[in-house]
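Subject: Structure handover

Hello,

Here is the structure you asked to look at. Please open it first, then read my notes below.

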Amino acid sequence: MGNKTILQQVFSRFCLVFVAQHRLEAIDVNKAVQHILACRNFDGGFGTRPGSESHAGQIYCCVGALAIVGRLHEVDADLLGWWLCERQLPSGGLNGRPEKLPDVCYSWWVLSSLTIIGRLHWIDKNKLVDFILASQDEETGGFADRPGDMVDPFHTLFGLAGLSLLGNRSLKHINPVFCMSQCIIDRLGLTV
Amino acid sequence: MHGRLKVRTTAEQQEIKRKERAEKVKKFQAGLHRVFQKRDAGELDAEALQITAQLLAGNPDVSTLWNYRRAVLQHYIDTKSEDEVQAACVEELDFLESCLRVNPKSYGVWHHRAWTLSGAPRPDWTRELQLCDKFLEYDERNFHCWDHRRFVVKCSGVSAEAELEFTDTKISTNFSNYSSWYYRSKLLPIVHPATDGSGRVAEAELLKEFQLVQNAFFTDPNDQSAWFYHRWLLGKGEQRLALDCIHISRDPCRASVRLTKPVKLGHDHVSLSISVDGKPVEDCRWKNATRGSDYGMLWTYDVPRGTLTERGEHVITAELSSGDNDDDDKRLSLSCTLPADRGECKMAMRTSFCRSRMTAAKTETLTDELESCKQLDELEPNNKWALLTIVLLMRALDPLGREAETLDYLSQLSEVDPYRGNYYRDLGSKFIMENVLEQQQHLEDKVALKDKGLTALYYTEYLATVSELNLASNKLTNVSQCCHLQCVTKLILDDNELESCVGLGQLPLLVELSLQNNKLSTVDAVAPLSTCPRLERLDLRGNPMASDCAVVESVRAALPQVRELLLV
């Protein structure tokens with residue numbers, strides 16, 4: 001893979017090969033991991049490509065990819081976990097990087113990353129649940145990026161996924177790596 | 001999709017909007033249809049550029065349209081004269097700039113801009129840098145623009161020194177400059193590398209950097225970027241792979257080796273071998289003590305019977321080899337002598353967990369900084385950044401001497417910043433473990449960690465040779481890290497908050513385990529213990545399961561090897 005490949009592509013390739021075919025040996029995993037590690041930054045996070053600033057969405061792609069290939073020990077879990085838990089703002093919502101606004105979709109990117117590295121308890125779960133629920137539109141249903149905004153399917157998906165990770169048992173358990181119900185992952189016989 | 005406020009509209013207004021949207025969709029789909037017709041017919045011409053431009057101006061993230069434009073431009077590059085291609089690229093760059101004014105955060109637009117510059121015969125890099133300057137003035141945090149700037153810098157040979165100066169300017173004029181500090185973290189080790197090959201920054205520059213970042217966070221104590229950057233300045237370089245400890249025992253006949261970082265033996269050219277009295281042991285099958293991963297720091301090997309005599313003295317040597325080829329092979333070895341009348345022996349390298357050798361200059365800089373942060377804390381008692389930085393500075397300067405003070409500040413932090421309370425408590429647990437291990441240099445047989453307020457277990461690989469461990473009266477909810485306790489015979493975990501025994505399975509030497517007053521309520525919770533071959537005494541009193549006769553019975557049945565099982 002050339003250095004023009006961005007991390008979303010690395011992660012989605014891993015997922016496809018792993019889920020669809022369970023044939024990771026079809027990829028040069030070591031080279032892919034070296035590329036991911038080249039995107040690692042001073043704050044423990046990962047950016048789009050080597051030299052890019054850390055961003056929660058990219059972090060999810062990297063941490064998820066490393067989880068699939070069993071290389072999570074390459075992540076400095078304490079440093080990254082700290083950066084991720086600092087995404088929680090006074091409103092209870094999470095942003096994607098410092099000094100940005102909270103956004104329900106980051107309830108997924110940040111939360112799933114924290115879960116994968118075993119640090120989900122480093123945020124205040126109840127406050128985040130309150131923020132996500134406040135971003136619901138009680139007239140039309142669905143979730144928006146933040147309270148008062150227009151709803152859309154993207155934020156509805158990640159709002160529900162975040163609530164599942166936060167322990168809402170009226171929802172199925174969600175797998176933090178694949179963003180799919182755990183029962184589907186189990187049925188496919190996949191372990192990460 | 002982001003930042004669109006829900007505005008209440010009447011049914012009539014909604015109908016007007018619906019009609020407008022329907023009209024837009026119709027036009028767009030008609031345009032798309034025409035584009036696909038042309039593309040399928042292989043038409044790579046000016047009309048293609050014209051139609052795609054109209055569509056992309058309002059919808060810059062339709063990758064397919066950018067792909068088609070690239071096909072057209074590539075055709076020009078392959079067939080037209082250099083001047084014609086240059087003209088087309090200049091026009092393309094102008095079009096892209098107009099797209100950026102509408103949407104400065106479109107992946108599609110920035111990517112295509114970089115592509116066009118790569119294909120242009122005479123790209124104007126100076127103008128490109130000016131464009132980046134302009135867009136960074138609009139939004140200092142636009143990472144697309146920063147990435148584009150780094151691309152331009154690479155293609156045009158701008159020096160890292162010049163870019164470092166650029167970050168100087170940004171930092172001194174703007175707030176909200178996380179992106180600039182971040183870029184500095186990449187440039188500094190290139191412009192002023194440390195001479196020890198650690199990938200860190202040279203000492204003189206590092207000390208100047210402490211001054212710089214201090215000015216920033218005292219000017220605006222609520223701007224996070226400088227505090228994050230400061231934490232990085234305090235950090236250490238990466239660990240080198242090496243042998244850290246070797247342990248050998250006669251019963252069970254087993255060797256264990258600890259490395260300084262996790263490896264997967266047999267992969268990436270990393271291998272471990274053992275020799276007894278100078279004779280290599282053939283065909284070592286190493287087992288990873290870490291569960292749930294192929295990688296680990298602690299590896300054990302069940303030495304074949306007869307390799308060691310029952311009472312004789314033996315010299316055991318472990319050798320680690322890593323590296324891609326024989327010239328680069330870094331062989332490291334560690335030996336220990338098993339005395340004639342002893343059942344085990346161990347040898348460990350002196351590891352520093354929290355103390356690091358600092359120059360007088362650095363100590364002075366950090367001491368001054370600690371004083372200043374304490375003054376800031378007095379002025380702004382709720383500033384968590386100051387509190388956390390005080391903690392980190394105390395750890396750097398005097399981790400053992402200031403332990404109580406450090407834990408006190410962490411406690412304050414949990415009150416000032418309650419959302420992250422669990423983080424501060426886990427951090428405190430990590431510091432406590434570092435101090436314990438620093439003091440006893442991980443060669444003690446018995447370690448007492450009772451009533452330390454531990455919420456998490458760190459560094460259990462460094463407790464691998466401990467035979468008795470007391471973790472009672474802490475706040476542990478998870479003991480998965482106990483898998484590294486390969487020599488523990490007696491383990492006390494009373495008065496914690498355990499709901500499961502995951503991590504306590506397969507402990508090869510565990511004889512006595514006390515789990516009084518936890519939250520174990522089902523037979524599944526204790527099921528892992530059935531795999532502890534030598535477990536004889538198990539105390540489960542004070543757990544929720546004790547009140548359920550059915551559970552009590554199934555626990556007894558699940559753990560037949562346990563002779564003394566206390567439940568009530």
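I started with the aromatic rings. Across all chains, a search of the whole structure turns up 29 aromatic pairs. Keep in mind that this is a predicted model.

One pair to look at is A:Phe42 with B:Trp232. Where do the two residues sit? A:Phe42 is in the loop between α2 (29-37) and α3 (56-68) of chain A. B:Trp232 is in helix α11 (residues 224-234) of chain B. The pair therefore joins two chains.

The cut-off for buried is under 20%.

Next, take B:Trp181 and B:Tyr229. Their ring centres lie 4.6 Å apart and their planes are at 40°, so this pair is tilted. It links distant parts of the chain. B:Trp181 belongs to helix α9 (residues 178-191) of chain B, while B:Tyr229 belongs to helix α11 of chain B. The two are 48 residues apart. Both B:Trp181 and B:Tyr229 are buried.

Now put the pairs together. A:Phe42, B:Trp232, B:Trp181 and B:Tyr229 are among the members of one aromatic cluster. The cluster also includes A:Trp82, B:Tyr178, B:Tyr182, B:Phe228 and B:Trp385.

The charged end of A:Arg87 sits over the ring of A:Trp83, 4.3 Å from the ring centre. In chain B, B:Arg149 lies over the face of B:Phe166. There the distance to the ring centre is 3.5 Å.

Then the layout of chain B. How many domains does chain B have, and where do they run? There are four: domain 1 (17-158), domain 2 (243-348), domain 3 (360-430) and domain 4 (443-566). The centres of domain 1 and domain 2 of chain B, taken over C-alpha atoms, are 59 Å apart.

Last, find B:His247. It sits in strand β1 (residues 243-249) of chain B. B:His247 is buried, with a relative accessible area of 2%. Its side chain makes a polar contact of 2.6 Å with the side chain of B:Glu344. Beyond its neighbours within four places in sequence, B:His247 touches several residues, including B:Arg254, B:Cys345, B:Thr465 and B:Cys487.

Best wishes

Key: Residues numbered from 1 in each chain as written. Chains lettered and ligands numbered in written order. Predicted model: local features only at pLDDT ≥ 70, side-chain atom pairs only at ≥ 80, totals over all residues. Heavy atoms only, no water. Domains from an automatic or database assignment. Phe/Tyr/Trp six-rings, centres within 6.5 Å; stacked < 30°, edge-to-face > 60°. Helix = DSSP H or I, 4+ residues; strand = E, 2+ residues; numbered from the N terminus. Buried < 20%, exposed > 50% of the residue type's maximum accessible area, 1.4 Å probe, protein only. Lys NZ or Arg CZ within 6 Å of the ring centre and 35° of its normal. Polar contact = N/O pair within 3.5 Å; in protein donor to acceptor, adjacent residues only side chain to side chain. Contact = heavy atoms within 4.5 Å.
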